[in-house]
Amino acid sequence: MSIAENKKARFNYHIEERYEAGMVLEGWEIKAIRDGQVQLTDGYVVIKDGELFLIGCRINALRSASTHIRPEADRTKKLLMHKEEIRRLIGKVEQKGYTLVPLDLHFKGGRVKCEIALAKGKAEHDKRNTLKERDWEKEKARLMRHKVSSK
């Protein structure tokens with residue numbers, strides 16, 4: 001079940017490979033995520049000291065959050081993956097000019113997982129082509145509906 005999706009990522013990047021990573025979260029963050037108070041659009045993944053961190057993922061605290069904590073909405077979250085997978089990602093990011101982008105947050109077995117992608121940025125003309133294709137698909141669907149309903 002998807003919690004939050006980063007639709008901008010599919011528009012701005014060519015997705016090469018997908019990976020699933022666990023997340024280190026605090027209790028209030030889990031409650032807010034279950035309530036749908038999460039935004040992933042400006043998120044990105046950085047590698048620091050051989051570990052992955054999700055930056056820019058905004059989790060807005062609930063009003064009923066506990067009084068003894070001070071929730072920080074834009075806290076940097078650590079991502080959990082196997083060491084070999086992280087090493088492989090580090091190699092690709094450093095050598096071939098790839099970047100790591102979060103695609104979505106979802107529940108798996110009661111835990112929150114983050115799907116990240118190894119991606120390459122799109123050029124401006126690629127983005128225009130994506131828009132043209134999307135508009136054509138909408139137009140085609142509209143035409144098909146119109147054709148079916150006119151019979």
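In the predicted model, strand E1 is joined to strand E8 (residues 99-108) by three bridges, and the two strands run antiparallel. Within this pair, Ser2 has His106 of E8 as its bridge partner.

The pair belongs to an open sheet of seven strands, arranged in the order E1-E8-E9-E2-E7-E5-E4 with antiparallel pairing. Strand E1 (2-5) and strand E4 (44-48) lie at the edges; each has a single partner strand, so one side of each is left without a neighbour in the sheet. From one strand to the next, the twist averages 40°.

Further along the sheet, strand E2 takes its place between E9 and E7 in the strand order. The pairing of E2 with E9 is antiparallel and extends over nine bridges. Two bridges join E2 to strand E7 (residues 77-80), and these strands also run antiparallel. Gly22 takes part in both pairings: Gly22 stands opposite Lys113 in E9, and the bridge partner of Gly22 in E7 is Leu80.

Helix H3 (residues 83-96) contains 14 residues. The expected span is 1.5 Å times one less than the number of residues, because that is how the span of a helix is defined here. Gly97 follows H3 and has a positive phi, near 75°.

The buried residues of H3 are Ile86, Leu89, Ile90 and Lys92. These residues pack against several strands of the sheet, namely strand E2 (13-23), E4, strand E5 (51-55), E8 and strand E9 (111-121). Edge strand E4 is thus named among the strands that the buried residues of H3 pack against.

One of the buried residues of H3 is a lysine, Lys92. Its relative accessible area is 17%; Lys92 therefore counts as buried, because the term applies under 20%. When neighbours within four places in sequence are left aside, Lys92 is in contact with Glu17, Tyr19, Gly97, Tyr98 and Leu118. Among these contacts is Gly97, the residue with positive phi that follows the helix. Two other contacts, Glu17 and Tyr19, fall within the residue range of strand E2 (13-23), and Leu118 falls within that of strand E9 (111-121).

Terms used: Residues are numbered from 1 along each chain as its sequence is written. This is a predicted model: local features need pLDDT of at least 70, side-chain atom pairs count only at pLDDT 80 or more; totals for chains, interfaces and linings use all residues. Side-chain values use heavy atoms; hydrogens and water are left out. Two strands pair if DSSP finds at least two bridges between them. Helices (H or I, at least four residues) and strands (E, at least two) are DSSP runs, numbered from the N terminus. Axes are lines fitted to C-alpha atoms, for helices over the stretch in contact, and angles run from 0 to 180 degrees between N-to-C directions. Buried means under 20% relative accessible area, exposed over 50%, partly exposed in between (1.4 Å probe, protein chains only). Contact means heavy atoms within 4.5 Å.
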